[in-house]
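Let's take a friendly walk through this model together. Please have a look at the sequence and the structure before reading on.

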Amino acid sequence: MIRDVVGEMADGLDATSITVSEAIHDHCPGLDSDLFPATNRSTRANLGQITSLLADGEGPAGLTVPDEALSYARAYVHEGLSLELLTRVYREGQRSYSRLWLDRLRARARDADELADSMGYFSDWMFAWIEVVNRPLSEVYTAEHERWIRGGVAMRSEEVRSILSGAPVGVTEASSRLRYRLDARHVGFVIWSEAMSSGDVEVGDGHRVFGEMDRFAAEVAEYLGASSFLSLPIGRLYAGWAAVPADAPLADLPAAREHLHLAVGRPAWGVEGFRRSHQEALLAKRVATLTPQTAASSLTFGSVALDALMTQDLDEARRFVEDELGPLLEAGPGARRLLHTLEVFLHEESSFVRTARHMGIHENTVAYRVRRAEELLGRRASERQLELRAALRLANLTQGAG
C-alpha cells in the first residue's frame with residue numbers, strides 16, 4: 001500500500017505540491033501571496049525528496065535538506081518573518097500532506113487494522129523527517145538573521161557615526177538608509193551596563209545584554225510616544241533616537257533595569273537636534289557615572305545640565321573643590337557629615353530650624369556643625385556663598401570619580 005501511494009504521489013507531484021502550498025498559505029496568517037512561488041518551490045523539493053526516500057524504503061536520517069528549502073528559510077529573514085512562522089509552515093505542510101496520504105490509504109485498505117498500520121508507518125516517518133529537517137533549517141535561518149542584522153547594523157552604525165561627526169548630510173537619503181526620519185523632533189538616549197563598560201562580560205553574555213538593551217530601547221521609545229525610533233550599539237553603549245511629539249513625556253521615564261542604566265537628552269529638531277540630543281544624553285551618562293547612586297535611575301540631561309557643565313574638566317573641578325573646602329575635606333571621619341549639613345543649611349536659606357527639620361536632627365546639632373564647618377573654612381558660610389555652593393555640589397560629583 002505504501003509503495004502504491006508513493007507511485008501515485010510521484011506521478012502527480014506538481015499538483016500535490018500546489019495543493020499543499022495553498023493549504024500552507026490558507027492556514028498560516030502572515031504569509032504574503034508574493035511568497036507563494038517560493039513556498040511552492042520549497043514544497044516541491046521537499047515532497048520530491050520524501051517520495052524518493054519512501055520509494056527506496058529508506059528513512060529520513062542523514063538526508064540533505066534541498067537547496068530550495070534552505071533558500072526559503074533565508075527568504076523569511078529578508079521578509080521579516082519569524083522562525084516560529086517557518087516552523088508552523090512545516091507543521092501545516094506535514095498536516096496537509098498527511099491528509100492526502102490518509103485519503104489514498106483509506107481507499108486501498110482492506111480493513112481498519114491495515115489502514116492503521118500503514119498510516120502509523122507513514123506518520124512515524126513524517127515526524128522523523130520533521131525532526132531531521134528542523135535543525136538545519138533553524139541553523140540556516142539563524143545564521144542568515146545574524147548576517148542580515150550585522151550588515152544592517154554596520155551600515156546604520158556607519159551612517160550614524162558620520163552624522164554625529166558633523167559630516168554633511170543628505171537628509172532624505174540618510175533617512176531612507178536609516179529607516180528613520182531625520183527631519184523630526186528627536187529625543188536621544190543612551191543605555192549602558194556597568195559590566196559591559198568594564199569589560200567583565202563574556203562574548204555570549206554580551207549578545208544577551210545587547211538584546212536586553214534593544215528591548216529596553218523599544219520600551220523607552222514607546223513611552224515617549226515615538227512615531228519611529230532608531231537604536232543600535234555604538235561601542236559598549238546602546239544609542240537610541242525617538243521621533244517624538246511636542247508633548248513627549250520626559251518625566252517619570254521607564255525605570256532602569258537592575259543591570260541597565262538610561263540617560264536621555266532634551267528634544268531637538270532636525271539633523272543638528274539628532275546630534276545635540278545624543279550629546280546631551282552622553283553628558284547625562286557621564287554625570288551618572290560620577291555619582292553611582294544616581295545611575296540606578298533613569299536620568300535626563302535637564303536635571304543635571306549644571307552638573308555636566310561644572311564637571312567638563314574634572315581636574316579643574318577637583319582643584320576648585322580643594323581650594324574652596326580644603327580644611328573641611330580633611331576633617332576626618334566627620335567630614336562628610338559636616339559637608340552634608342552645610343549643603344542643606346545653604347539650601348534652606350541658612351535656617352537652623354528648617355535644616356534641623358529636613359535632616360531630622362536637633363537645631364543645636366545643626367548650629368554646632370555649621371560653626372565647626374565655618375571654623376575649618378576660616379570664614380562665615382554667608383561669605384562667597386555662590387562659590388561655596390558650587391564647591392559643595394562638585395564635592396559630591398568628584399569624590400568617587402576616577
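Where pLDDT is low, the predicted coordinates should not be read in detail.

Now to the charged pairs. The structure holds 22 salt bridges, including these:

| Salt bridge | Closest N and O atoms |
|---|---|
| Glu8 and Arg104 | 3.2 Å |
| Asp315 and Arg318 | 3.4 Å |
| Arg354 and Glu348 | 3.5 Å |

Glu8 belongs to helix 1 (residues 2-11) and Arg104 to helix 5, so their pairing ties together parts that are 96 residues apart in sequence. Glu8 is partly exposed at 32% relative accessible area, and Arg104 is partly exposed at 22%. Arg108 joins Glu8 and Arg104 in a network of salt bridges.

Asp315 and Arg318 sit three residues apart in helix 13 (residues 314-329), separated by about one helical turn. In the remaining pair of the table, Arg354 is partly exposed at 33% relative accessibility, whereas Glu348 counts as buried at 14%.

Which residues does Ser98 contact, leaving aside its neighbours within four places in sequence? They are Met119 and Phe122. Ser98 is found in helix 5 (residues 83-108) and is buried, with a relative accessible area of 15%.

Ala248 lies in the loop between strand 3 (237-243) and strand 4 (261-264). Ala248 is buried too, because its relative accessible area is 14%, under the 20% cut-off.

Conventions:
Residues numbered from 1 in each chain as written. Predicted model: local features only at pLDDT ≥ 70, side-chain atom pairs only at ≥ 80, totals over all residues. Heavy atoms only, no water. Helix = DSSP H or I, 4+ residues; strand = E, 2+ residues; numbered from the N terminus. Buried < 20%, exposed > 50% of the residue type's maximum accessible area, 1.4 Å probe, protein only. Contact = heavy atoms within 4.5 Å. Salt bridge = Lys/Arg side-chain N within 4 Å of Asp/Glu carboxyl O.
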